[in-house]
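Here are my notes on the model you asked about. Have it open while you go through the points.

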Amino acid sequence: SSPTDIGLQQVAPKFWDVFDLWATPVAETPCEEVLNEFKFSMGQARLVRSPERLCLVCSLDDVSNSRKQRVASALPDFVFLADTRSPTDVIAATTTPLSVSIEALPRVDGEPRKRRVTWALPLPTALGLDFASLPELPRKAELNDGGLELGVAENPSLTYALQPAKLYVCASYLGDPQDAAAAPLRKALAEAAVAQGL
């Protein structure tokens, strides 16, 4: 093959390139509105208003008592209700912002510390605010995830919720939500929000 042929093979779309573009859910324009931007000790922060919307809320109890397990780093397997690699009649869109919260659960004598990890995933706005239009969710017994199988997580849940309109302050962070470095960032961000009168 000539260099020209090799170059054309690299830039010409192949069948799977075209198929993946066709099968990939569309990206939804974020509904959030940035009201203000300000600097704080660890970077740039934004004050954001988010509208009321339906969310898919899932949670697990992290029983590993270790940051090394990174339970909060990835969505549980049971969140993926449909295979988005092939086109379906299901309304599918990539949405933002996904949020994750980590809450310490009350300590029980003789047991390791547990933390509830909860993810809220906004549903496409095309679904509106009507719970009746949403597909039925799997029963608790059908919720499977690698963390459950490995014994580092338990008590899975999956439900729909109406997330109220809210104001929040955020900043860019390239690490993991369970990184030790995330705690000082959260603290500095909270202090900066108070200093801004929020």
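1. Start with the largest nonpolar core, where Leu56, Cys58, Phe78, Leu123 and Leu158 touch the most other members out of 20 residues. A nonpolar core here is a set of buried Ala, Val, Leu, Ile, Met, Phe, Trp, Tyr and Cys residues joined through side-chain atoms within 4.5 Å. Buried means under 20% relative accessible area, exposed means over 50%, and partly exposed is in between (1.4 Å probe, protein chains only). β4 (53-62), β7 (115-122) and β8 (153-163) are the elements that give two or more residues to this core, and β4 gives the most, with four. Strands (E, at least two residues) and helices (H or I, at least four) are DSSP runs, numbered from the N terminus.

2. There's also a second, separate core of seven residues, including Phe38, Phe40, Ala45 and Leu189.

3. A word on where this comes from: it's a predicted model, where local features need pLDDT of at least 70 and side-chain atom pairs count only at pLDDT 80 or more, while totals for chains, interfaces and linings use all residues. Residues are numbered from 1 along each chain as its sequence is written, and side-chain values use heavy atoms, with hydrogens and water left out.

4. Now for the charges: the structure holds six salt bridges, each a side-chain nitrogen of Lys or Arg within 4 Å of a carboxyl oxygen of Asp or Glu. One of them joins Arg116 and Asp61 (2.4 Å, N to O). Arg116 sits in strand β7 and Asp61 in strand β4, so the pair ties together parts that are 55 residues apart in sequence. Asp61 is buried, at 5% relative accessible area.

5. Lys114 and Glu111 meet in another salt bridge (3.4 Å, N to O). Lys114 is partly exposed at 22%, and Glu111 is partly exposed at 37%. Together with Glu154, these two are linked in a network of salt bridges.

6. Finally, have a look at helix α4 (residues 182-195). Its 14 residues reach 20 Å from first C-alpha to last, close to the 20 Å expected at 1.5 Å a residue (that is, 1.5 Å times one less than the number of residues). Ala182, Leu185, Ala188, Leu189, Ala192 and Ala193 are buried in α4. They cover an arc of only 140° around the axis, so they are on the same side of α4; the arc is that of the directions from the helix axis to the C-beta atoms. On the other side, Lys187, Val194 and Ala195 are exposed.
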